[in-house]
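I opened the model to look up two things.

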Amino acid sequence: MHITGLLLDAPQANTAANYLPIALQLLFALGFVATMMIVTHLLGPKRKTADKLATFTSGIETHGNARTPMAIKYFLVAILFVLFDVEVIFFYPYAVNFRALGWSGFYSVLMFVGFFIVGFFYIIKKGALVWED
Amino acid sequence: MNAIILSAVLGVVMMFSSVFVKNKSALKHIAAAGLLVLLIANIADTYGCSLFKIDLHNMLRFDKFGLFFNTIGIGATLIYVVLSGRDIEKSGNYVAEYFALIFFVLCGLTLLTSFGNLLMLFIGIEILSIPLYILTGSDKRNLKSNEAAIKYFLMGSFSTGIMLMGIALIYGGTGSFQLEVVRSVFASYKGVSFLEIAGLLFLLVAMAFKVSAAPFHFWTPDVYDGAPSVFTSFMATVVKAAAFVAFIRLFDARVTETSAAVDWKMLFSILIISTLLIGNITAVFQQSVKRMLAYSSIAQAGFMLFALFSLNDMAKEGLLLYAAAYSLATIGIFAILIKMKDVSFEGYNGLAKTQPLLAATNTIFLLSLAGIPLTAGFFAKYYMLASVIKTGSYTWLVIFAVLFAAVSAYYYFRVIQAMYFKNGEAQTDTITPGFKAGMVIVAAIIVIVGILPQTILNWFYF
Amino acid sequence: MPIQYYIALAACLFCIGIIGVLTRRNAIIIFMCIELMLNATNLLLVAFSKMYHGPAFAADATSTAGIDGQLFVFFIMVVAAAEVSVGLAIIVMMYRNVHSVDINFLNRLKN
């Protein structure tokens, strides 16, 4: 069925009675959620001690803040990983028809890999992958 | 083909020269030599001597127009590197990488001047843009440079998204990315389908973003102002002209005139009017010469849009002439602006006394931008307007453009007035004799082209 | 499924992306919205590719009609990855200078 067809059919269903069950269900859903939230808030016991509010991680004491800044070298490696990872996408079409593409296809891919290796040498020479300071 | 492959290889060579060449000042000589090789290889290509024989399946189509524009673009870059190479050296620690990125931008430029497939258009635009995002943000500690880079990046990739949507819709309508197939579909249909028209409109918006035409110009002043001046010079000239060439290749006469569903002439005239209006009027109120030049580049884009409006042979010639005249003059003005200590209008006060030669050449460049006779800029504007008259309609558009050319003279003459008629001590960096000689040569080219525009155009027809 | 559904879905995703770019203030979220726009395009291209491939394949099993749409998607993904790496580097550079990725902070260039 076409979208336009759907849109043209819409006026025929447009009587108020058809929407009553949906409206009732919406009202009930909203009312139920609201009632439950208010009731649990009012009836539930509250004991706000320090132990209760602490983060619970399988019984191990927490230490440090989760939002400590990471060293920038992780970021650099992550970016380089994304670049080198995504470029592999071009090997899939080649791998599917490498027999049909023959030697010319092989040379093309060789050139592609060659440019890749040049880039890899460049980042090594620039020291982007050196972990120790 | 020569220029595409050589520019990519030279970019890689420049990258590695950062590792192997220890002497920093040698880098700009390597880059200039590389550009010279590129220029010669491209001219050889123009005369039928191609170094590479590759079956391209019509993905790229080399014609005289594109190759000739390559020559202009590479030549302008060569002049730019010769004049401002020393300032590129001073702008940061990664000099070799800056030159490498400039070569990659040229690779994108050569793709854009010869694409025959929408895939190549997309790749060319991206190769042109991505290095520029980096160059814009190259002044890492400067918040203005940061801001410019992030704005340019977000706006650039946003417009790329719109362009891709346009390409996808055109593919849906025509079933091909090949430019000639798309054109034949546009030419054959009596009523072109909704998909194709929507796709072409998306492409129009995206390309208007790239060339900073008026409703989509808002990123331009901020980016041009925030980027380091050396790279603004490159962005505002070579890159902008390349985007225009891609624009005119895409919106060929065969695409726009046969699809009667949209009044393309009216659309382009709206773009032109708003670009001229906003560019010129806002430029009048600027206090900094750099920001004034950013708005003036929008106004000049308005004139270049005339080529897209009329889409005849004269328009194509005119676009080449305009690209050459505008690029040379703007590169010259920026080369002087980089040397100035203060880039506001007051900073130029009394430059004619301290540096008479620079003031004189700067005057020639400004006159050329304003379109005063006997400079290249005059004939560039003349060709653009004549191409509109040749189409036989919309003559009021020409009158409008001439009026705004007069407005533009006001803010260009403000700089000349500051240099010659105001008292002050304009502070500049040390000016070497080589730099002065370079400026004189660029000014001479502008005047010679202004007196004999036929020389450059005859070369086009040879 | 008819192609209209795919066009409608892609148009919805694309519009969500555009609205996100225009209204959000966080540079990372704007960037994600741009990626959403690109992915809407990818979806549309693949759908069109299938649309052109289906009938051609039924007529001739060796037909390659419509394959170019899928190849275009590969190129979009790769170029988007390159763009991501440059863009994230720029955003990180900004974060190191101003300790925020809110683009409301970007008002130094207004007169």
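I count a residue as buried if 20 or more other C-beta atoms lie within 10 Å of its own, as exposed if 12 or fewer, and as partly exposed in between, with C-beta atoms placed from the backbone. Helices are DSSP runs (H or I, at least four residues), numbered from the N terminus. This is a predicted model, where local features need pLDDT of at least 70, side-chain atom pairs count only at pLDDT 80 or more, and totals for chains, interfaces and linings use all residues. Residues are numbered from 1 along each chain as its sequence is written.

Entry one: a helix of chain B. I looked up α16(B), residues 356-370. Twelve of its 15 residues are buried, so α16(B) is largely enclosed by the rest of the structure. Among the buried ones are L358(B), N362(B), F365(B) and A370(B). The cover over these buried residues includes α13, α14, α15, α17, α18 and α19 of chain B. Just after α16(B), I found G371(B) with a positive phi of about 85 degrees.

Entry two: chain C against chain B. I took residues as in contact if their C-beta atoms, placed from the backbone, lie within 7 Å. On that basis 32 residues of chain C touch 32 residues of chain B. α3(C) gives the largest share of chain C's side, 16 residues.

Next I checked α5(B) against α3(C). Their axes, lines fitted to C-alpha atoms over the stretch in contact, are 11 Å apart at an angle of about 10 degrees. The two helices are therefore roughly parallel (angles under 35 degrees). F122(B) and V79(C) are among the residues making the contact.

Note on methods: Chains are lettered from A and ligands numbered from 1 in the order in which they are written. Axes are lines fitted to C-alpha atoms, for helices over the stretch in contact, and angles run from 0 to 180 degrees between N-to-C directions. Angles under 35 degrees count as roughly parallel, over 145 as roughly antiparallel, 65 to 115 as roughly perpendicular and the rest as oblique. The expected span of a helix is 1.5 Å times one less than its number of residues.
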